[in-house]
Number of protein chains: 2
Amino acid sequence: MNVIEEAIRNNCKVLPGEVLKIDHFLNHMIDVSLLSKGCDEFYKAFADKGVTKILTVESSGIGVACLAAVQFGCPVLYAKKLFGKNSDDELYSASCYSYTKGVEYNISVAAKYLTSDDRVLIIDDFLAGGNALKALIALCNKADATVVGCGTVVEKAYQGGGDSVRAMGIPVVSLAKIASMSPEEGVKFC
Amino acid sequence: MNVIEEAIRNNCKVLPGEVLKIDHFLNHMIDVSLLSKGCDEFYKAFADKGVTKILTVESSGIGVACLAAVQFGCPVLYAKKLFGKNSDDELYSASCYSYTKGVEYNISVAAKYLTSDDRVLIIDDFLAGGNALKALIALCNKADATVVGCGTVVEKAYQGGGDSVRAMGIPVVSLAKIASMSPEEGVKFC
């Protein structure tokens, strides 16, 4: 059991609808020291892949993406749900369905910040059905950028999103992999 | 001229309506190395103030707050605009008017994460009229937490928000202080 799994086991609440609430270190309070330790795993896995950019999506991925970027020594690019009305940038966009919120939305990046020279590590907080990761991969494909891999803090492995990304030939490293969870029985790790 | 002012001068666009677009290191791409250098100023100013928590608001403040928190060795708490429908937490809320978006909205934190034991450094990306900072200060007052100071990346000094917070007896450190700006003349620093 690693530090992230331990932090989940010690303090997390499983809400009805298979929602795992990780407010004490990830989705409201951000435990920078704990997550930086977690990011060591991303660095071990992808340090030799020539990562030029970390790509995430606002807003809950931004913290962990920045902490990972400190180790990789590269910038973070975060996809936005809304671009300002004053934006005149050429955009790459992809559609994404949010399982927890039950809505479909678009995410976009400015084309000038994601190019065919980029070797991208995609970082996000949660991986369930894999829709957010696949939308971020779609943005990279539109830019002709290379996706070297994905790193997520929590993977709900039983929902299959991680394995469907792995089946695309893209390595996925998750700091905590959940085999099952329920309000009654809590969280069981893989 | 410091590193942040230099980065603004070299690459920023002033849009109509006094909107400063800082997409290349702050509000879309996050230049982790540059912002970490900037955060040194926050650390110099507040290192001896016993900071226990950095408070910011989603989403564009999260990156710089996390990078500052690495130096202070404390967690980040980010106020949210929407709490999940499953939330059963007691909340502190404050109202905030967004100058750039032209809307009034509420921001909230879970009461259990902000207490009278906390010594809070408030961090945000932009400071203009000061509404976001004042809403974050209001959250701290509701929690009876001590605000040791505020740090912002860019202060539009001519809008007076920074000075109105300073007049409350709260020190404000801004990495770039703008005296005036326009699409025609660009940015002038204090």
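Analyst: Start with one cut-off. Two strands pair if DSSP finds at least two bridges between them. This is a predicted model. In it, β9(B) and β10(B) are joined by six bridges and run parallel. Six bridges meet the cut-off of at least two, so β9(B) and β10(B) count as paired. One facing couple is B:Glu155 and, in β10(B), B:Lys177.

User: What makes β10(B) and β11(B) a pair?

Analyst: The bridge count again. β10(B) and β11(B) share four bridges, in the antiparallel sense. B:Ser182 has B:Gly186 of β11(B) as its bridge partner. Three residues link β10(B) to β11(B) in a hairpin.

User: Which strands make up the open sheet that runs from β3(A) to β11(B)?

Analyst: Seven strands, in the order β3(A)-β5(B)-β4(B)-β8(B)-β9(B)-β10(B)-β11(B). The pairing is mixed. β3 of chain A and β11 of chain B are the edge strands, since each pairs on one side only. Inside the sheet, β4 (residues 53-57) and β5 (residues 76-79) of chain B pair in the parallel sense over four bridges. There B:Ile54 is bridged to B:Val76 in β5(B). Helix α1 (residues 3-11) of chain B packs on this sheet. α1 touches β9, β10 and β11 of chain B, and its direction makes about 25° with that of β10(B).

User: Why are β11 of chain A and β3 of chain B said to stand at the edges?

Analyst: Look at the order of the other open sheet: β11(A)-β10(A)-β9(A)-β8(A)-β4(A)-β5(A)-β3(B). β11 of chain A and β3 of chain B each have a single partner strand, so one side of each is left without a neighbour in the sheet. Within the sheet, β9 (residues 146-156) and β10 (residues 172-182) of chain A run parallel and share six bridges. A:Val154 has A:Ala176 of β10(A) as its bridge partner. Helix α4 (residues 131-143) of chain A packs on the sheet, where it touches β4, β5, β8 and β9 of chain A. The direction of α4 makes about 165° with that of β8(A).

User: How do you know that β5 of chain A pairs with β3(B)?

Analyst: Strand β5 (residues 76-79) of chain A and β3(B) have two bridges, in the antiparallel sense. The cut-off is at least two, so the count of two bridges is enough. A:Val76 stands opposite B:Ile30 of β3(B).

User: What does chain B bring to its contact with chain A?

Analyst: 26 residues of chain B are in contact with 26 residues of chain A. β3, α2, α3 and β5 of chain B each give two or more residues to that side. α3(B) gives the most, with six residues. By class, the side has 16 nonpolar, six polar and four charged residues.

User: What makes A:Val109 count as buried or exposed?

Analyst: The number of C-beta neighbours. A residue is buried if 20 or more other C-beta atoms lie within 10 Å of its own. A:Val109 has 26, so A:Val109 counts as buried. A:Val109 lies in strand β7 of chain A. Leaving aside neighbours within four places in sequence, its contacts include A:Leu77, A:Ala79 and A:Leu139.

User: Which residue is the bridge partner of A:Val109 in β7(A)?

Analyst: A:Tyr92. Strands β6 (residues 91-98) and β7 (residues 103-110) of chain A run antiparallel, joined by eight bridges. β6(A) and β7(A) form a hairpin with four residues between them. In the turn, A:Gly102 has a positive phi of about 70°.

Technical notes:
Residues numbered from 1 in each chain as written. Chains lettered and ligands numbered in written order. Predicted model: local features only at pLDDT ≥ 70, side-chain atom pairs only at ≥ 80, totals over all residues. Contact = placed C-beta atoms within 7 Å. Axes fitted to C-alpha atoms, helices over the stretch in contact; angles between N-to-C directions. Nonpolar A, V, L, I, M, F, W, Y, C, P; charged D, E, K, R; others polar. Buried ≥ 20, exposed ≤ 12 C-beta atoms within 10 Å, placed from the backbone.
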